[in-house]
Amino acid sequence: MSDRAMIQIENVSKFYGIYKALDDVSLSIAEGEFFSLLGPSGCGKTTLLRSIAGFENPTAGEIYIDGVPSLALPPNKRPTNMVFQSYAIFPHLDVAENVAYGLKRLKLSPEEEKKRVGDALDMVRLSGLGQRKAHELSGGQRQRVALARALVMRPKVLLLDEPLSALDKKLREEMQVELRTLQKAVGITFILVTHDQYEALALSDRIAVMFGGRIAQIASPKEIYQRPRTRKVADFLGGMNFLKAKVLGEQGNAVSIDAARFGAVQLEKPQGFAASSGHVTVGIRPERLRLLWDDDRAPHELSGRIENRAYFGEVTHLTVGIDGLEQPLSMVETNNFGADDLPIGAEIRLAYDPEAFVLLAEDPPVTRI
Amino acid sequence: MTAAAFGPIADTPSPSRRRAWMRSEEARGLAMISPTFLYALALLFLPVLIVIAYSFWTQNYLEIDRTFTLENYRQALTEPIYRDLFVRSLWISLTVSVVTVVFSYPVAWFISFHGGVHKNLWLFLITVPCWTSYLLRVMSWKVILGYGGVMNTGLISMGLIDKPVTSLLYNSNAVVITLVHSWAAFAILPIYVSLQKVDRTLIEAARDLGDSRIKAFFRVTLPLSLPGVISAFLIVMIPTVGDYVTPRLVGGKDGVMIATAIQAQFGKAANWPLGAALSVTTMVLVSLSAAAIVLALKFTIRRIK
């Protein structure tokens, strides 16, 4: 991964009539980066990806691919290749012909072409399946063919439109690992569109979370999970306990707040934060709350009672009611110590780390219709 | 499919297995199709058998001599008049099917890819001409192509010609023009259906992999719509070989096709066996040439990679 920008998106908007699919999106993706566009369906992530590929024509803005302004270029003139959600394997061609499809234009010698097709099939571990037809392949194999067909073109940017969403959970996890390994091996810039936050977290160097045609936050997986900027981002990335808190004072980059029963905590001010009123929203992830057993002691403790419990195999999700808090807290406990055996109504104590709180900025108002 | 479905009837040995079979999905399916199947058998299959049987017999004035003979086929295949008619019929129907498919494809493509929300309206408009009688449609071509017809007067008033062209009507070109017009709708529909089934992402994938619009059409859209092209081709070719009305009305002397000769044998000439032999020969020739064309089409498309 280098610092050179491979993709530069500048103020791109796309309107369908009065509907804004993309609303003034700007971002930059480095060469060799694994970048994810994450968001709920209809957030504009696929429109953005298709705009990079050349299948959508943004209403305004410009997209530079490797420094070249590309919006005027048709898809076949862009150094990008795409793995489609449906894989789009040509049904009238066999696997090798599918992979060789884009190479025909390069007029390679038959040996050279055969070698490149073979190498691409080796890379996705499909060697020996070259003669199979599309309908003889399993979902995972089709996905690999689509990958090989795109990678064999040696694109500058590989675009992946929810490539794993059609696979079952086990295969999806396997392919995630493979995709990551593959990306590191070929060193090509990957842009992945997904609505699966775990996929985005596991694969990406950076993630852009999108809502309503806008980018809500761009950051590394760890940062976006631990330091989400707004409530919506926090919520989309996983479970989060939200609390209303009062601002006590600001000192430079820090804000001290009164987080109800959790007491006074000092938090880092998020970018673009402005405490217009004296009240703010803070959040803490469920797994940052820890159950205390018998004689366990912690510097910061709260007591409450279990209101609900859901067993998930390796973990148990607990809903804990705390006196003085409007909403019960959710927490996640591993089942090593018997959290799954706690009866509903049981009195428990929990520990928290004040540093685990995040101050959340207001979400921008939804302007689109 | 029906042949396979009928198989188990023969080997149902025990009553219990027979009862089980009666309740099976297969038995219900057979019961469902049997009325239409019997209907098809009685009205399609038997007549063909009768025609084939007749083609091996001989007409003795008013009676039919039922001894087996190949004399009718010898006549049908060696008499120059019939040979010419066969060649001309096949040639005309081949030309008609090629021209029809070539003209229909862009129409079907336009409706399928650019019809937008009005696809059904477009399809409806295409079937409108079929609402009038076939005969009327053929007759109207006489008005268009005739000596004092629309074409001639139009061309004269535009100053392109100074006296009416006589080569428009009463020849094989007139037959081709009329048949192409009559069959266009029947060619557009199957092509449209198979174009509708082409996954649009596949075309995007082709574009993404470096194809221009035109290349993507020839490498993806056309091969994938080939089933529609083939059925359109067959739908047009098979009936037009034996068309009787159009050559009769607009064909003149040069436009006579084999159907006229067959009609003559069953009518004025009263030689049913020869008529039957001519019919059977036509059937075989059409099947062979259709098969050849289908294979050739498939092969050509397969070559485009």
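**Briefing: sheets, helix packing and chain contact**

In this predicted model, the crossing of helices H3(B) and H15(B) is left-handed. Chain A holds an open sheet of six strands with mixed pairing and an open sheet of five strands with antiparallel pairing. Chains A and B also touch: 15 residues of chain B are in contact with 18 residues of chain A. The points below take these topics in turn.

**Two packed helices in chain B**

- Helix H3 of chain B covers residues 25–55 and helix H15 of chain B covers residues 272–303; their axes lie 7 Å apart and the angle between them is about 120°.
- The two helices, H3(B) and H15(B), are therefore oblique to each other.
- On the H3(B) side, the contact is made by B:Val51, B:Ile52, B:Tyr54 and B:Ser55. These residues meet B:Trp272, B:Pro273, B:Ala276, B:Ala277, B:Ser279 and B:Val280 in H15(B).
- Sorted by class, the residues of this contact between H3(B) and H15(B) comprise eight nonpolar, two polar and no charged.

**The six-strand sheet of chain A**

- The strand order in this open sheet is S6-S7-S8-S3-S9-S10.
- S6 and strand S10 (214–219) of chain A are the edge strands; each has a single partner strand, so one side of each is left without a neighbour in the sheet.
- From one strand to the next, the twist averages 20°.
- Strand S6 of chain A (residues 80–83) pairs with S7(A) in the parallel sense over four bridges. Within S7(A), A:Leu160 is the residue opposite A:Val83.
- S7(A) also pairs with strand S8 of chain A (residues 189–194), in the parallel sense and over five bridges. Here A:Thr189 in S8(A) is the bridge partner of A:Val157.
- Elsewhere in the sheet, strand S3 (residues 34–38) and strand S9 (residues 206–211) of chain A form a parallel pair over four bridges. A:Leu38 stands opposite A:Val209 in S9(A).

- Strand S7 of chain A (residues 157–161) is mostly covered, with five of its five residues buried.
- In a regular strand, side chains alternate between the two faces of the sheet.
- Both faces of S7(A) are covered. A:Val157, A:Leu159 and A:Asp161 are buried on one side, and A:Leu158 and A:Leu160 are buried on the other.
- Helix H4 of chain A (residues 139–151) lies across S6 and S7 of chain A and runs at about 175° to S6(A).

**The five-strand sheet of chain A**

- This open sheet has the strand order S15-S19-S16-S17-S18, and its pairing is antiparallel.
- Its edge strands are S15 (290–292) and S18 (329–334) of chain A, each of which pairs on one side only.
- Neighbouring strands of this sheet are turned against each other by 50° on average, direction ignored.
- Strand S16 (residues 301–311) and strand S17 (residues 315–321) of chain A pair in the antiparallel sense over six bridges. In S17(A), A:Leu318 is the bridge partner of A:Arg309.

**Where chain B touches chain A**

- The contact between the chains involves 15 residues of chain B and 18 residues of chain A.
- On the chain B side, the elements that give two or more residues are helix H10 (200–208) and helix H11 (213–224).
- H10(B) gives the most to this side, with six residues.
- By class, the side of chain B that touches chain A has six nonpolar, three polar and six charged residues.

Key:
Residues are numbered from 1 along each chain as its sequence is written. Chains are lettered from A and ligands numbered from 1 in the order in which they are written. This is a predicted model: local features need pLDDT of at least 70, side-chain atom pairs count only at pLDDT 80 or more; totals for chains, interfaces and linings use all residues. Axes are lines fitted to C-alpha atoms, for helices over the stretch in contact, and angles run from 0 to 180 degrees between N-to-C directions. Angles under 35 degrees count as roughly parallel, over 145 as roughly antiparallel, 65 to 115 as roughly perpendicular and the rest as oblique. A crossing is left-handed if the near helix is turned anticlockwise from the far one by less than a right angle, and right-handed if clockwise. Two residues are in contact if their C-beta atoms, placed from the backbone, lie within 7 Å. Ala, Val, Leu, Ile, Met, Phe, Trp, Tyr, Cys and Pro count as nonpolar, Asp, Glu, Lys and Arg as charged, and the others, Gly among them, as polar. A residue is buried if 20 or more other C-beta atoms lie within 10 Å of its own, exposed if 12 or fewer, and partly exposed in between; C-beta atoms are placed from the backbone. Two strands pair if DSSP finds at least two bridges between them.
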